[in-house]
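This report looks at the inside of one protein model: its core, its aromatic rings and its pockets.

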Amino acid sequence: MATLKLHLELEEDIKVSYEKLMEEEIEVKKELELLLSRQCQLDAKMRGITKVLPTLQIVHSDALQLEEMISFTSTLAENVSAKVRQLDIARSRVSDCQQRVHDLLDLQLCSDGVTAALSSDDYEKAAAHVHRFLTMDQNLLEQTADDMQQDCATVSNSLSLLRTAAGQLQNIIVLRFKEAVQADDLASVERFFKLFPLVNMHDYGLEKFSRFLCTKLEDSSRKHLRTAQETSSADKRAPVIYADTITLLFEAIARIVEIHQPLIETYYGLGKLLKVVSALQVECDRQSRLILSEFSRQRHLEHRVALITEIERSSQVVVANKVDPKELDLFLGEITIMHSRYQLYFRFIRRRVTKYAGTFR
């Protein structure tokens, strides 16, 4: 029985193996049929590859030629670039040489011109010659003088003369400006104010001109304040006389800025107006304090504030009767006018200086 059972199991194994082999055979046949069906396509591709092979050889040859051409062009470009750099260096040296020649010619012209201008009191022309001299590279001029041994003395003498003339002209301009200020000669003040930048005295010129404008502003403001103090109570402008006075102060500053901004920016450069406005604002603050102090004294500001405070704290009718509503209305109206005039002035100044000083607060 055991032998028969083993035999049956072997037959089943054989059948299973046979069936698997049959399935594999079927799959192999399918794959062979698929490959055979693609034979035409494969043959066509092989024929295409065979035809392309000569072309690929031509492409390879062309690529080698292109590589050689690119290499040659790169070398040529590098050589040209080196030549251009050499030409640029040569051009720069020629330009420096021309500048030296021009400076030497201008040096002689300035030397002769400044002497003649000073002798004839033509300070504008003298300042122009000195300005041209100051814009030159004096170290380079001295080096040029050393290189040109035959003209060394001439160049050195011109340099010495112009340096002396520059110092002399600076002293003259300072003196003439002071005299013009003392004489209250606005035309002469502006004339010499224009010359300070030409002799490298920008800050000094702005400082002195600002001081001159502040002095004029102070005189005008004090005059208006005296007029306000002398104004009769019967005058129709009496209730707002101090508002008028501070308005005149603001208008005077605005007029100064409006008139002199083109002058300052033309001769001193953009942004220099800020320094003048800063000085004017300091004087404005000082004069405003004087006006407001007089306003407070004449309008009994502290007394009125004390009464209002007392009314707020007390409900007594007697205290309230101490305040005249009509007078209080006039008083508050004058303060309101002052505030509105200040706002107008503030906006005007901010527009003028914001682009140079950033955010104006």
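The sections below take these topics in turn.

## Basis of the model

The model is predicted, with local features needing pLDDT of at least 70 and side-chain atom pairs counting only at pLDDT 80 or more, while totals for chains, interfaces and linings use all residues. Residues are numbered from 1 along each chain as its sequence is written, and side-chain values use heavy atoms, leaving out hydrogens and water.

## The nonpolar core

A nonpolar core is a set of buried Ala, Val, Leu, Ile, Met, Phe, Trp, Tyr and Cys residues joined through side-chain atoms within 4.5 Å, where buried means under 20% relative accessible area with a 1.4 Å probe, protein chains only. The largest one has 65 residues, and those with the most contacts inside it are L169, F193, I253, V257, L280 and I349. Among the elements that give two or more residues to this core are α2 (39-119), α5 (152-182) and α9 (273-298). Helices here are DSSP runs (H or I, at least four residues), numbered from the N terminus. The most, 14 residues, comes from α8.

F193 is in contact (heavy atoms within 4.5 Å) with F177, G205, L206, F209, L263, I264 and Y268, leaving aside residues up to four places away in sequence.

## Aromatic pairs

Rings of Phe, Tyr and Trp (its six-membered ring) pair if their centres lie within 6.5 Å; planes under 30 degrees apart count as stacked, over 60 as edge-to-face and the rest as tilted. By this rule there are 11 aromatic pairs. The F250 and Y345 pair is stacked, because the ring centres are 4.6 Å apart and the planes are at 15 degrees. F250 lies in helix α8 and Y345 in helix α12, so the pair ties together parts that are 95 residues apart in sequence. Both F250 and Y345 are buried.

## Two pockets

On a 1 Å grid over the protein atoms alone, a pocket is an open set of points where a 1.4 Å probe fits, with protein on both sides within 12 Å along at least five of seven lines; lining residues have an atom within 4 Å of a point. The largest pocket holds about 350 Å³ of space. It is lined by 16 residues, with S233, A238, P239, Q298 and R299 the closest to its centre. The largest share of this lining, 4 residues, comes from α12.

The second largest pocket holds about 250 Å³. Of its 13 lining residues, K216, A252, R255, I256 and H260 are the closest to the centre. Here α7 supplies the largest share, 6 residues.

Definitions and conventions: Points joined across faces, edges and corners; volume = space filled by probe spheres on them. Buried < 20%, exposed > 50% of the residue type's maximum accessible area, 1.4 Å probe, protein only.
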